[in-house]
Amino acid sequence: MKSLVRSIHRKAYRQFASEPDHLVGPALARIVFGIWLLAFYLQGLPIHGFLWGSGGPISFEIFNTYLSQTGKVSLLAISGTDFWLFALIGAGLVSALGLLLGLFTRSMLLVSLVLLWSFHARNPYILTGGDNVGRIVMLFMLFLSTNRYWSLDSHLGWTEERSRWTNIAHHFGFLAILFQMCALYLTSALSKATGELWQNGTAVYYVLRSDVFGHPGIGDFLASHYLTPTILTYAVLGLQLSFAFLVWNRRIRPWLIGALSLMHVGIAIVMGLWRFSFVVIGSLMILVPDEVFHRTATKISTRLNIGRVASAWGWKPGDGSSLLNRDIARTVE
Amino acid sequence: MTDPAEYSEPRRRDIQRRLHRAARIGALYASVLGLVFYAAFLSLYLLPENAVKILNPGLSQSFLSPFFSQNWHLFAPRPPTSNRQLHIQIMFKEETPGGGDNQPDEELSRSPWYDVTTELLEHRWENPLSPAALRRRTIMGIAEPYLNIASRRRSDPDAELSGPAQRLLTNFYRLLRILGEERLDAGQSLVAVRGRIQSEPIPPFRRYGLPSTSDRTYPVTTPWWRGGPDP
């Protein structure tokens, strides 16, 4: 018994303290979240007064009452003036840009999270499932190393030193995000499975015919034949239900995430829920092992002859520290 | 004779190494424990009603709210089966010299019903990045729950409204006032505004032999709200 416990302990420690093999995905997620946040602030900027100002439907007094009743906090509660609102929107834009470029990454992530939380609390009516998942995943991303690839931090040599501490934190954040995504899809699937319209295969038909969620052209086309919405209804249900169980298998995981990403791309195009889809795809990228990205990059560069074209232009393989550089180098050798 | 200080340096390093290792193991087990607790409370929070949730309603809420609060129903258990729009009608007066504040209603002008949401929806489909999408979400996010409050008031007019319901009602009438004021021309001032939530059912799937699930078409019209302080 003692030796079993000791062996489990050693295995767990080695696993948690080892160099993580999910670094590319978090970097991609960082870029996706940076774009998502930029779009959030820029989209709201022309009507900022209506959405978040004291002249909008949610007065400053009601907002403060809401905060005291729900226990939420918001920087926008400090002042109801336009100047303060503009200052926070500006800070949001700067932090989102920093996140996108990977500059002072962890600090920018923290600032972005605090500001996002503040704006979400100011107007909860505009929030979608994407905002909900984005907020939670960003919290766990604070533990991840998201600036190892495609970041100014790595270019300038400002990434934190790799140590067992950063590895343990990274693995913790990764597992928390993995569990959160499982909970998301499993809960959604189980809720759907209890609904009559999901059980009889007509749910997607009603979604496609809805003014709000059905694209005027594509939605009507897909809903026009009885088979398409039925297949889509059961496919969505099956995919979401299987995620929580199959995602734990490393071999199946990339295919499952690929299928889900396609589903979310479809949701973005057909239902107009691009914010939700963007964030969820970014969050799913975190779960893809690095070797999948490296294999894919090698295949693409081989197919497109990127290595030969690049070296014909005088490019020399780099030190292999960044994705694609190393994979292009392999195709040139 | 050997200096005792010469032995203490490697010994000190050894102690430091052991402490660091112990701290890392502590961090590892704290992470694992944290994950287990998060998973347990999250499962409790998201699962349907069960004995633990009924007997200890605040247990998972206290841990997860507000930072980890979440809802993944996402068109479940029932997707939308009707399309809703918000219409507003305003009562206004022309600002004429010598006109009193207490003009009778017969002398005031009423606008036709304006549909404030369909146009926003069209903008949104044309351009997904348009602010119209956020504007529409705010408007319907405030207007739709009003239907529940309205039906509760119809069934029990004397019932006291909860804090969130009262807050929603305030937001709703404030929204109507803002939308009404946007419709005024120069030289006009708002006297009163009312809203109407129109609901049109989506054509049912019944032609394929499945039962209809359409909602009744009903407009829900609010009483006139006269401008001034928030209700």
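Which residues in α2(A) meet which residues in α5(A)? The structure discussed here is a predicted model. In that model, A:Arg30, A:Ile31, A:Phe33, A:Gly34, A:Ile35, A:Leu37, A:Leu38, A:Tyr41 and A:Leu42 of α2(A) are in contact with A:Gly92, A:Leu93, A:Ala96, A:Leu97, A:Leu99, A:Leu100 and A:Leu101 of α5(A).

**Two helices of chain A**

Helix α5 of chain A covers residues 82-101, and the axes of α2(A) and α5(A) lie 7 Å apart. The angle at which the two helices pack is about 160°. Angles over 145 degrees count as roughly antiparallel, and α2(A) and α5(A) are therefore roughly antiparallel to each other. The crossing in which α2(A) passes α5(A) is left-handed.

**Salt bridges**

Side chains of opposite charge can pair when their charged atoms come close. Over all chains, the whole structure has twelve salt bridges.

| Salt bridge | Closest N and O atoms | Separation in sequence |
|---|---|---|
| A:Arg250 with A:Asp21 | 2.9 Å | 229 residues |

A:Arg148 has a relative accessible area of 11% and is buried, because buried means under 20%. A:Glu19 has a relative accessibility of 38%, so this residue counts as partly exposed. Both residues also belong to a network of salt bridges that links A:Glu19, A:Arg148 and A:Arg162.

What does the salt bridge between A:Arg250 and A:Asp21 tie together? A:Arg250 pairs with A:Asp21; A:Arg250 lies in the loop between α13 (227-246) and α14 of chain A, and A:Asp21 lies in the loop between α1 and α2 of chain A, so the pair ties together parts that are 229 residues apart in sequence. A:Arg250 is partly exposed, at 34% relative accessible area. A:Asp21 is partly exposed too, at 31% relative accessibility.

Chain B has 231 residues, of which 39% are buried. Its secondary structure consists of six helices and six strands. Read from the N terminus, the order of these elements is α-α-α-β-β-β-α-α-α-β-β-β. Of the contacts in chain B between residues at least 6 apart in sequence, 66% join residues at least 24 apart.

Helix α4 of chain B, residues 118-126, contains the buried residues B:Leu120, B:Leu121, B:Arg124 and B:Trp125. Why are they on the same side of α4(B)? They are on the same side because they cover an arc of only 135° around the axis. The elements that cover them include α14 (253-271) of chain A and α5 (132-155) of chain B.

A:Ile269 is in helix α14 of chain A. Among the residues that A:Ile269 touches, leaving aside those up to four places away in sequence, are A:His215, A:Ile218 and B:Trp125. A:Ile269 is partly exposed, with a relative accessible area of 48%. A:Ile269 and A:Gly25 are 244 residues apart along the chain, and their C-alpha atoms are separated by 23 Å.

**Backbone exceptions**

Most residues other than glycine have a negative phi, and most peptide bonds are trans. A:Phe104, in the loop between α5 and α6 (105-122) of chain A, has a positive phi near 45°. This residue is partly exposed, at 46% relative accessibility. A:Trp150 also has a positive phi, of about 50°. A:Trp150 is in the loop between α7 and α8 of chain A and is partly exposed, with a relative accessible area of 36%.

In chain B, the peptide bond from B:Ala76 to B:Pro77 is cis, with omega near -5°. B:Pro77 is in the loop between α3 (58-64) and β1 (82-94) of chain B.

How values were computed:
Residues are numbered from 1 along each chain as its sequence is written. Chains are lettered from A and ligands numbered from 1 in the order in which they are written. This is a predicted model: local features need pLDDT of at least 70, side-chain atom pairs count only at pLDDT 80 or more; totals for chains, interfaces and linings use all residues. Side-chain values use heavy atoms; hydrogens and water are left out. Buried means under 20% relative accessible area, exposed over 50%, partly exposed in between (1.4 Å probe, protein chains only). Helices (H or I, at least four residues) and strands (E, at least two) are DSSP runs, numbered from the N terminus. The arc is that of the directions from the helix axis to the C-beta atoms. Contact means heavy atoms within 4.5 Å. A salt bridge is a side-chain nitrogen of Lys or Arg within 4 Å of a carboxyl oxygen of Asp or Glu. Axes are lines fitted to C-alpha atoms, for helices over the stretch in contact, and angles run from 0 to 180 degrees between N-to-C directions. Angles under 35 degrees count as roughly parallel, over 145 as roughly antiparallel, 65 to 115 as roughly perpendicular and the rest as oblique. A crossing is left-handed if the near helix is turned anticlockwise from the far one by less than a right angle, and right-handed if clockwise.
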